[in-house]
Amino acid sequence: MVNRNWQDALSRTKRAAFGRLSNLLGTSELTPEFWNELEATLIQADLGVKITMDLIQEVKKKASEEGHTRGDQIQSELSASLLGQLLPNNLHSPVQGPLVIVVVGVNGSGKTTTAARLANYYKKQGLECILAAADTYRAAATEQLAIWADRLELEIIKGIPGSDPGAVVYDATQAVVSRGADVLIIDTSGRMHTHHNLMAELQKVCRVPKKIIPEAPHQILLVLDATTGQNGISQARAFLEFVEVSGVVLAKLDTSSKGGVGFNVASELNLPIVFAGIGESVEHLVEFNPAVYVSELLKPSKDTTPDHN
Ligand SMILES: Nc1nc2c(ncn2[C@@H]2O[C@H](COP(=O)(O)OP(=O)(O)O)[C@@H](O)[C@H]2O)c(=O)[nH]1
Ligand SMILES: [Mg+2]
């Protein structure tokens, strides 16, 4: 079931760049042109120049040690090297008492959608979940989360537009404790990573739960829009300067992104990817599985015509 979802989501990604990779591996001799082509394909797939160079060097070395001469023979080496670029998913760390998660990221990355999906994910495990609408800047943001809360039949703690997001987080943390609920998910407002005051405010918002639950927040998840590529990675880096991000949610992996940006998350941000957004419905959030991600991207696809959408 999970594999099927991943397959569907990554099929567009594969059409964009990774599809060429499986063709290349299927047909070529290991000539200098092959390595150049492999390099160009990986860069186009948004792996970034540094990772591509390291990867090619590693695979080339292994290929010569093993005496490989054809593209199909290096498939497992390439797959192992790609997997080596990802950190294991550390999502299931045990927590005493309610689990508090803050969702952060730039505007439009998919935070509010992710907050709702996380609530659904935990609810389906039989856990009692509360949502906090700490994006008080735009009335529409609170409204958006309230609609999700209504649909998912979840309690939502919200403030009036323009009110202090810290106060909403405080009330929500208090609510989760007094109700004896299991999970609190806090949606925050999207902010420009370059805007110092807003980032300092986010820092404050993330500290508020500590007043009631000293170990909270247990997770600060950074939502990264997979379509923003290398630019998204540098925006993400700015967040790490202000808050202690514990993991990345790679959203919009189903759209025609180049798909390789996930391989930069470990090397550039030193973070695991914990969830992937693979569609527009509330169910379209999957636990990120590095092995499935790599194997799906390398699997030959039926339709490898480039996607120009
Ligand atoms: N296709 C697709 N769209 C997504 C995904 N996650 C979010 N979106 C869309 O991205 C847009 C922005 O999402 P939103 O949660 O409002 O972003 P926020 O500004 O960070 O809170 C919305 O139209 C969402 O439906 C995903 O995994 N796949
Ligand atoms: Mg939002």
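Start by selecting helix H5 (residues 111–123), which gives the shell around ligand 1 its largest share, four residues; helices (H or I, at least four residues) and strands (E, at least two) are DSSP runs numbered from the N terminus. You are looking at a predicted model, where local features need pLDDT of at least 70, side-chain atom pairs count only at pLDDT 80 or more, and totals for chains, interfaces and linings use all residues. Residues are numbered from 1 along each chain as its sequence is written, ligands are numbered from 1 in the order in which they are written, and side-chain values use heavy atoms, with hydrogens and water left out.

Next, show the 17 residues around ligand 1 (a heavy atom within 4 Å); Gly-108, Lys-111, Thr-112, Thr-113 and Asp-254 come nearest.

Now zoom in on polar contacts (pairs of N or O atoms within 3.5 Å):
- The side chain of Thr-112 has an N or O atom 2.9 Å from an oxygen atom of ligand 1.
- Arg-117 places a polar side-chain atom 3.3 Å from an oxygen atom of the ligand.
- At Gly-279, a polar backbone atom is 3.0 Å from a nitrogen atom of ligand 1.

Methods
A polar contact is a pair of N or O atoms within 3.5 Å; within protein, one must be able to donate a hydrogen and the other to accept it, and residues adjacent in sequence count only if both atoms are side-chain atoms.
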